[in-house]
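Take a look at the chain below. Keep the sequence and the 3D view side by side as you read.

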Amino acid sequence: MPRIFIDGQPFDARTEQTVLQVADEHGIFIPRLCWHPQLSVAGNCRICVVQVEGRSWVEISCNMPVSEGLKVLTDSELVRAHRKATMQFLTLNHPVDCGICDKAGECTLQDYHVAFNGEPSISAEPKVASTKFYALSERITLDNERCILCTRCVRFTREVSKSHALGVQERGDHSVIRPAGGSAKKLDDDPYSDNIVDLCPVGALLSRSFLHRDRVWYLKATPSVCPGCERGCAIDIWHRKPEWLLRSPTPGAQRENRAIARVTPLGAQHGDRPGDVPSPHSAEAYATASPPLPWICNKGRDLAGLLERPRSTAAMKKGREVPLAEAVAAARELIGRARRPVALISSWASNEELLTFQRTLAPRFTCFVKSDHPPAADETVQDDLLIRADKNPNAHRAREFFGHAALTFPPDTDLVLVWGEGFDFATAPRGVPVIFLNAYFAPENGHADVFFAISVMTERAGHYTNFEGTVRAFLPCFAKPAGVADAEQVFEALAALAAAGARSDEAAMVTP
Ligand code: SF4
Ligand code: SF4
């Protein structure tokens, strides 16, 4: 275990570490643009230079192995001069169009310019123009003028997603990132392609769905869990900060206030800038993420499409909207009469909801876990990186609670409770009453004998347990719409009424 000295402080390092890794481990910040902890060392940006004591030159710390007694300086006069010169070089042909750049506010180049340079360009030459808005794929646009050729995006497609979709064409100041082999096909086929947008330290790679949609300082990141498959990746859901909510009462403004602006891996927007470590989230968010994965797949980025479908917002009895209390009373009556009720448990339910159901209603029901979401026709079903075949975030935990049995209705089934999406109502026993809990608009909602509009995961807190047994927390981003209840509240109210034997105890009713 070699002992090294960084800025005069002694640290015990591991032999396989570099100076930059030792500095990171001990909270000493060394800037980096091309270096990333999950990618190979490229050493091309030269911003991470340090000075070995006694030498009159600087060297890159991302590729400097540790050795016994090594003494490095991270902030000597020589290092500062080199960082400043490097920033001058990196911004030589940069368009400095920060005012219209989506990356502004979280751009590493912007922050390093302020921290290490702070002066206008000293070049007397005109900037070299390059391609703006190059369509790298259907999801990603590339601004070559902003690119600093760090090659993080190229290395990601070679080393992580393995699509080998990108490369560098030409030389010198004509170098550009382009699809490898001249075709954008491979990046379109890469289900992890959008990670390069997070990886890009500048605003060169931009998500087309987020393009010019928001300024990041209007947005807040809420720690959450991707429900797209049983991997349950730890994510940040970005939405308007409370202080920046639009005040206009128009439907468009109100929709915007409840919109998911973008989804990124938990903490992915942090790590390259001074003061970025530790992350902006509470230790609890990270403790339950153990440890947060640095990537997510594109399906996880598209959660808005999944979670912002038209909602159901009122309880119903045979298709007629009724107050929640009336629906609870009707459901309780059905449950009270049933001798062989069957419950189909949602594999999108949180651990807390599953526990509540088990504690309250499960003893009366024969329970089967159902798949709320089968794989879509056009999605990657499973791969070696993250994507799992089961497209439900909590199937593992639900089966721990309610078993693995495949659904078969006993012949004397006299009530079916369906919790969540994914059930083909044509397969239910004919003429048997149905209680249905669903968050989204569906024709089946109105056909159920009793229907409850329930909250979605962005409206409540909870935990999911993934297929490896990792428990991750999600927090609410938005308030529930009026008329919507949490499934937990519905089960508690049904159990409370059943226990009290009351016909319609308003005090025990769920409230929106
Ligand atoms: S596009 Fe971004 S990530 Fe790719 S080389 Fe350029 S600066 Fe680096
Ligand atoms: S692999 Fe993709 S779909 Fe599955 S949880 Fe992670 S981001 Fe979501």
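The model is a predicted one.

**A sheet of three strands.** Find strands S11, S12 and S13. They form an open sheet in the order S11-S12-S13, and the pairing is antiparallel. Which strands stand at the edges? They are S11 (219–225) and S13 (262–265). Each has a single partner strand, so one side of each is left without a neighbour in the sheet. On average, neighbouring strands of this sheet are turned by 30° against each other, direction ignored. Strand S12 covers residues 234–240, and four bridges join S12 to S13. These two strands run antiparallel. Across this pair, isoleucine 237 stands opposite valine 263 in S13. In general, strands of a sheet pair through backbone hydrogen bonds.

Helix H3 spans residues 108–117. Its buried residues are Thr108, Leu109, Gln110, Tyr112 and His113. What do the buried residues of H3 pack against? They pack against helix H2 (77–90). Just after H3 comes glycine 118, with a positive phi of about 75°.

**A buried valine.** Valine 49 belongs to strand S3, residues 49–52. Why does valine 49 count as buried? It has 25 C-beta neighbours inside 10 Å, and the cut-off for a buried residue is 20 or more. Glutamate 59 is ten residues away from valine 49 along the chain, yet their C-alpha atoms are separated by 5.0 Å. Leaving out residues up to four places away in sequence, valine 49 touches Val58, Glu59, Ile60, Ser61, Val79, His82 and Arg83.

**Around the ligands.** There are 13 residues around ligand 1. Which of them come nearest? They are Cys147, Cys150, Cys153, Cys200 and Ala204. By class, the shell around ligand 1 has eleven nonpolar residues, one polar and one charged.

Now turn to ligand 2. The residues around ligand 2 include Cys226, Cys229, Cys233 and Cys297. Among the others are Arg231 and Lys299, along with Gly228, Gly232 and Gly300. Ile296, Leu386 and Ile387 complete the list. By class, this shell has seven nonpolar, three polar and two charged residues.

Technical notes: Residues numbered from 1 in each chain as written. Chains lettered and ligands numbered in written order. Predicted model: local features only at pLDDT ≥ 70, side-chain atom pairs only at ≥ 80, totals over all residues. Near = placed C-beta within 6 Å. Nonpolar A, V, L, I, M, F, W, Y, C, P; charged D, E, K, R; others polar. Pairing = 2+ DSSP bridges. Axes fitted to C-alpha atoms, helices over the stretch in contact; angles between N-to-C directions. Buried ≥ 20, exposed ≤ 12 C-beta atoms within 10 Å, placed from the backbone. Contact = placed C-beta atoms within 7 Å.
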